[in-house]
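Trainee: I have this one open for the first time. Can you walk me through some of the helix and strand contacts?

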Amino acid sequence: MNLAEAIINKNVETHPLKSAIGFKTKEAWKELSWKKFSEMIFKTANALKNVGVQEGDKVAIYSDNSAEWMIFDLASMSIGAITVPIYTTNNAEQAEYIINDAQAKVILVGNQEQYDASFEIVNKEASSLHTVIITKKAVWIKKENSFYLEDFIAKASPKLEICHKEYEDVATLIYTSGTTGTPKGVMLTHGNFIKAFDAHFEFFTFKNFEEELSLAFLPLSHVFERSWSLLSLYGGARVYFLEDPKNIAKALVEVKPTMMCAVPRFFQKIYAGVNDMAAESSSLKKKIFNWALKVGSETAELRRNEISAPLGLKIKESIANMLVFSKIKEKMGGRLWFLPCGGASLSPEVTRFFESVGIHVTVGYGLTETTATLTLFPLTHFEHATSGKPLPGVEIRIGEKDEIQARGNGIMKGYYNKPEDTKAVFTEDGWFKTGDAGKFDDKGNLIITDRIKDLMKTSNGKYIAPQQIENLLTNNNYIQQIVLIAEGRQFVSALIVPNFEFLEDYIKKNNIPFTSWAELVKSEQIITLYKNKIKELQEHLADFEKVKKFTLMPSEFEINTGEITPTLKIKRNVVLKKYEDIIEKMY
């Protein structure tokens, strides 16, 4: 079955007038019903056919999140074409590589910058690539083969017979972010998505899922947000699209979502912010906060084990919610209860905090090559400090060097036009090699220990799992980014990027002279502040795991400098090479 058909037809038949998607125009949020949503998809699909897009052709999307992004995606799949998302943080050269490798016929761009980049590609290659521009604010450089979306679909029919696809037919090419080399196009099929979605609904047994509202603020170009948003639509829930993730705090209050997928940093910042606010409160407020957390923790533990709380505890929880938790939840819109989390590990103290507040963070593990999810927390009987249990239809085993290997519903068809690379990531008996190290606990929960390639061995023969330590040290408002160094060294050191927003407040409160960040990060007062904070944070680590020396960096690691991927993962090898001189000075 075609994924677009599985999403559109069922919902249009069941509730045609119910809202499907939401988007912001100027200052107001608007919605499209399933009937109107499907008509927009079909008009776009017919417009694609009108410019020659056929079954199996590639359609690229190089745009920020928007309703048009999702419409274009489903329209492409509706006619049997293959969607190729491109991160908006990719520069023209990176976008060009993907477009040429995929041999895209059409590209949807969101704004002037993206149009200019696509124009460079078209002009350089003298290609017949058609460019469709979402916003009419963008100025055409060249009109040939360029359209505003409104004009592109104006004369197209709102009726379409969706192209039949088999489960093994490719639905999308998602290019890996290239932490270890040239990006590769991951081929995910219609069956990968549909079977994975069915597995999620079997795993969670949601009640009244069609009443849920999800806010898409992570990039749709990433497998996590795209899979979650498509899953939400598949289940009949509404999805609102946030164009600029920097506006997430405002959007949460305006949209009031009930569900939303997010990355660990989102939770870490809320956790650190709430705890810092509590620490600066009066002694009475601090006591109330700590009491509320204790009550919340007790009720969360009972809820986790499906045990009914006694009346006295229920009354305490109601008071704790009124005095403390409701205020935290209101900052997040007031209705959030289910938050899938992926992309990196999340510390158990953070997941316990959110459970205490009454928000279930569903920690999961997966890759682009596995259609996002392999394992995740169930709604109850989950174990903190793990990555949960395998989805139905997913098998996991631990191979050589403790490598996590998987097979089942979501495993990719392979890398596009790269048979040797595809062969390299599968075992002879057909298991996908994730490149991550892990183990199972005695209850069958998967525990990720680290990326195999990232494991470090000190000159004393001790193994360091950097991600766990880096995660621990970023669970606060002091550290924005961190890279550990230990391979072949006698001790662990680190490059640390401070949270400059937090640091700015700190220096104002403490009247510290400030002329530039480059000067401030060398200040003895600031260095001492970080020494004390790091000492406190790593108190429970083994001595050989502790950061002994560090250098504060004057600016963040950036995507456009090649230091981090579009999904904000640090390219360790790039950073280590680029700052080699700074690292050597620490030893």
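Mentor: A definition to begin with: two strands pair if DSSP finds at least two bridges between them. Strands (E, at least two residues) and helices (H or I, at least four residues) are DSSP runs, numbered from the N terminus. This is a predicted model, in which local features need pLDDT of at least 70, side-chain atom pairs count only at pLDDT 80 or more, and totals for chains, interfaces and linings use all residues. Residues are numbered from 1 along each chain as its sequence is written, and side-chain values use heavy atoms, with hydrogens and water left out.

Trainee: OK. How many bridges join strand 12 to strand 13?

Mentor: Four, and the two strands run parallel, with strand 13 covering residues 360–365.

Trainee: Moving on. Do strands 16 and 17 pair in the parallel or antiparallel sense?

Mentor: Antiparallel, over five bridges between strand 16 (residues 394–398) and strand 17 (residues 403–408). Glu395 has Arg407 in strand 17 as its bridge partner. The hairpin has four residues between the strands, and Lys401 takes a positive phi near 55° there.

Trainee: Now helices. At what angle do helix 7 and helix 8 cross?

Mentor: Roughly 70°, with the axes of helix 7 (residues 190–204) and helix 8 (residues 223–234) coming within 10 Å. Helix 7 is therefore roughly perpendicular to helix 8. Axes are lines fitted to C-alpha atoms, for helices over the stretch in contact, and angles run from 0 to 180 degrees between N-to-C directions. Under 35 degrees counts as roughly parallel, over 145 as roughly antiparallel, 65 to 115 as roughly perpendicular and the rest as oblique.

Trainee: Which residues in helix 7 meet helix 8?

Mentor: Phe193, Ile194, Phe197, Asp198, His200 and Phe201 meet Ser227, Leu230, Leu231 and Tyr234 in helix 8. Contact means heavy atoms within 4.5 Å.

Trainee: What about helix 16 and helix 18, how do their axes cross?

Mentor: The axes of helix 16 (residues 500–509) and helix 18 (residues 524–537) come within 12 Å and cross at roughly 120°. That makes helix 16 oblique to helix 18. Leu503, Tyr506 and Ile507 in helix 16 meet Ile526, Leu529 and Tyr530 in helix 18.
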